[in-house]
Amino acid sequence: MNTALPVRDGYRRRHEFLGFSPPLLGEEECLEMLDTLRSDWISTGPKTRLFEAEFARYVDAPRALALNSCTAGLHLALVTAGIGAGDEVITTTMTFAASVNVIEHVRARPVLADVEDDTLNLDPRLVEAAVSPRTRALVAVHYGGHPAELGALEALAEQRRLLLIEDAAHALPAWYDGRMIGGSANPVAFSFYATKNMTTGEGGMLTGAADFVEEARVLSLHGMSRAAWGRYAKGGSWRYDVAAPGFKYNMTDIQASLGIQQLRKLESFQVRRREIVGLYDDAFRTESALETPVCRPGIEPAWHLYVLRLNLDALRIDRDRFIEELADRNIGTSVHFIPIHMHSYYRQKYGYQPGDFPVAERAFERIVSLPVYPRMGLADAEDVALAVLDVVREYRR
Ligand SMILES: *Cc1c(COP(=O)(O)O)cnc(C)c1O
């Protein structure tokens, strides 16, 4: 078999396609899920409350609210803070659409800022330059799981009386200067989407100060004064009050069943992620056509992504072709992200031009996210590294 596969200079192509980021679910998740299905409560209830409590304890958060997505958490943070029409919110262009779409949802104006060249996180100096009298909040994204420069951003937020919201979709678990992301009084939104470091299929968590999170909790379920679980339990009353026109953003106990068990496995997931990162770093560090991701002092990243940068001057192919070559070698990859200002909605609405965010644009041209997830064995990681080095060898200028 596979005699038709190319074998060059000892390089042997992987037989099976390696997906970019499949989840790792086991027997524990199945049993917890069955337990929930066989119980009398499958929507928001005891499992969701347990997941919230265990999550809050894990990231050392004052309070946690389980939701149906990270996007819901970001949206609720803005609504709870009363941010709306006429307000400006500063965020990064190097992010997923959700971080910015939610600012549009509350009819505020997203003000984009460029990123630092090494981490691709918001550049605090550019954020400071973008602050206007209308600025109400900052949305800092911990790109790839490497925390943004929180010290500088928090100081700026305090000085200019801005709310700092953290998009921690990639940053579970991650540490900045000895403290865990999610452990602060800022609103922090996590994602349990299928590709993230742990998953509930779809899901999210909003952490932050207890009173802020409890206000968000009311808004997460129609603005009702009391959750259904409380109403339908024995001794519960049918009566409730709608205090605000809220949303339908609650997590279900079915999702929480996965979350409870995934969270318990997260430490072991991270051990594998770090092993894969170490293997990639060792394989690529001395290759001048490649740049490995940075990790600043005092940081423990979540390694949600391994973003390799191509030194395009050293190659005869561009990033898109590099990705095709890896796909030909049965390696799935992705790109994080197409900068927000390059998407048609934002380009047309705000008139962005090429060159407006030069650091993000230059990075976008040459980034490739390699597979890094706990379901990968080290042999898979080796296949990835060998495939990358084979593409470099074939297309070196
Ligand atoms: C995945 C992601 C989100 C959205 O998470 P959902 O749970 O799918 O809503 C937000 N921001 C970033 C940076 C992401 O990668």
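## Strand pairing

Two strands count as paired if DSSP finds at least two bridges between them. Helices (H or I, at least four residues) and strands (E, at least two) are DSSP runs, numbered from the N terminus. In this predicted model, local features need pLDDT of at least 70, side-chain atom pairs count only at pLDDT 80 or more, and totals for chains, interfaces and linings use all residues. Residues are numbered from 1 along each chain as its sequence is written, and side-chain values use heavy atoms, with hydrogens and water left out.

Strand E14 (residues 306-310) is joined to E15 by 4 bridges, and the two run antiparallel. Across this pairing, Arg309 stands opposite Ile367 in E15. An open sheet is formed by 3 strands in the order E12-E14-E15, with antiparallel pairing. Its edge strands, E12 (290-291) and E15 (367-370), each pair on one side only. In general, strands of a sheet pair through backbone hydrogen bonds, either parallel or antiparallel.

## Ligand surroundings

The ligand has 16 residues around it, of which Thr71, Asp167, His170, Ser191 and Lys196 come nearest; a residue is near a molecule if one of its heavy atoms lies within 4 Å of it. This shell divides into 7 nonpolar, 7 polar and 2 charged residues. Here Ala, Val, Leu, Ile, Met, Phe, Trp, Tyr, Cys and Pro count as nonpolar, Asp, Glu, Lys and Arg as charged, and the others, Gly among them, as polar. Helix H3 (70-80) and helix H4 (97-105) each supply at least two residues of the shell.

A polar side-chain atom of His170 is 2.7 Å from a ligand oxygen atom. For Cys70, a polar backbone atom lies 2.9 Å from an oxygen atom of the ligand. An N or O atom in the side chain of Lys196 is 3.2 Å from an oxygen atom of the ligand. On its own the ligand has 380 Å² of accessible area (Shrake-Rupley method, 1.4 Å probe), and the protein covers 92% of that area.

## Backbone geometry in loops

Two cis peptide bonds can be described. One runs from Leu172 to Pro173, with omega near -5 degrees, and Pro173 is in the loop between strand E7 (163-167) and strand E8 (175-176). Another joins His336 and Phe337, with omega about 5 degrees; Phe337 is in the loop between helix H10 (319-328) and helix H11 (344-350).

Asp60, a residue other than glycine, has a positive phi near 65 degrees. Asp60 lies in the loop between helix H2 (46-59) and strand E3 (63-67).

Note on methods: A polar contact is a pair of N or O atoms within 3.5 Å; within protein, one must be able to donate a hydrogen and the other to accept it, and residues adjacent in sequence count only if both atoms are side-chain atoms.
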